[in-house]
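Subject: Structure handover

Hello,

Please find the structure below. My notes on what was found in it follow.

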Amino acid sequence: MKKLNLTPWWFISLVCLTAWLGTVKVAWSQTLSISDSQAERIGRRLWQNESGGSVAGLTAWNSGEDFASLGIGHFIWYPANHRGPFEESFPLLLEYLTSSGLTLPPWLKQAGTCPWSDRAQFLADQQSPRMKELRSLLARTIALQARFAALRLEQALPKMLEAVQSRNREKVRANFDRLAAEPEGLYALVDYVNFKGEGTLTSERYHGQGWGLLQVLEEMGKGSARPEFYRAADRVLTRRVANSPPGRNEQRWLPGWRNRIRTYAE
């Protein structure tokens, strides 16, 4: 198996070509060194984290949310005429799958936005031919979805270094590098950035405090990288819940989040 070479700062060449009717066409280039076996292993761990490794869990719409969560990473897909504060990633996954040579079902290729307008409609359609076709597509592309998640990690570091205050820039870069150098560190980085984002969007803040990868890297201490990353993630997510609007009842999610991030230190 031939591996690709690492760039100095894990940077991805991600170039937007055209935008038409809200759909972004993207040219993809993978520069992170990741073997087929690594991609499969990371993908299955992401799938386990998000939905217990179940095929049914590849097409989800969580209670209280206004978007579908699809694939091993529960990539977000908003319905037409709706955009929330969280970054939409499922359309970009479809672009990546197409660029990798996969042929999408015609209805999915033409959809543009999520064809289900709300959670009730989505759940009522669970046994429809197109929903079964979507789950089948997602179940047979585990490694490709993992590579897509790794691409997001590659893009994250330069975005974080640009967004962080200059006095913390070296700390963020050093913590990223030392975590990536540890066994299973790549999994922790890929999973968390897919799980809670880069932490660079101002829309992803409660009381001005974010919960993405950037905030966890800033929070890390100087101990062994993976345990430090786990402890920092726990503090950041606990703070998010404390800052969240009471109506969202985010406390109900915290035990599951803690179970997930605990795997980073195992």
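**Salt bridges**

The whole structure has 17 salt bridges, each a side-chain nitrogen of Lys or Arg within 4 Å of a carboxyl oxygen of Asp or Glu. This is a predicted model, where local features need pLDDT of at least 70, side-chain atom pairs count only at pLDDT 80 or more, and totals for chains, interfaces and linings use all residues. Residues are numbered from 1 along each chain as its sequence is written, and side-chain values use heavy atoms, with hydrogens and water left out.

R152 is in helix α6 (residues 142–163) and E87 in the loop between β5 and α2 (90–99), so the pair ties together parts 65 residues apart in sequence. Helices (H or I, at least four residues) and strands (E, at least two) are DSSP runs, numbered from the N terminus.

**Helices α8 and α11**

The axes of α8 (residues 185–196) and α11 (residues 254–262) come within 11 Å and cross at roughly 155°; axes are lines fitted to C-alpha atoms over the stretch in contact, with angles from 0 to 180 degrees between N-to-C directions. That makes α8 roughly antiparallel to α11 (over 145 degrees; under 35 is roughly parallel, 65 to 115 roughly perpendicular, the rest oblique). D191, Y192, N194, F195 and K196 in α8 meet W257, R260 and I261 in α11, contact meaning heavy atoms within 4.5 Å.

Regards
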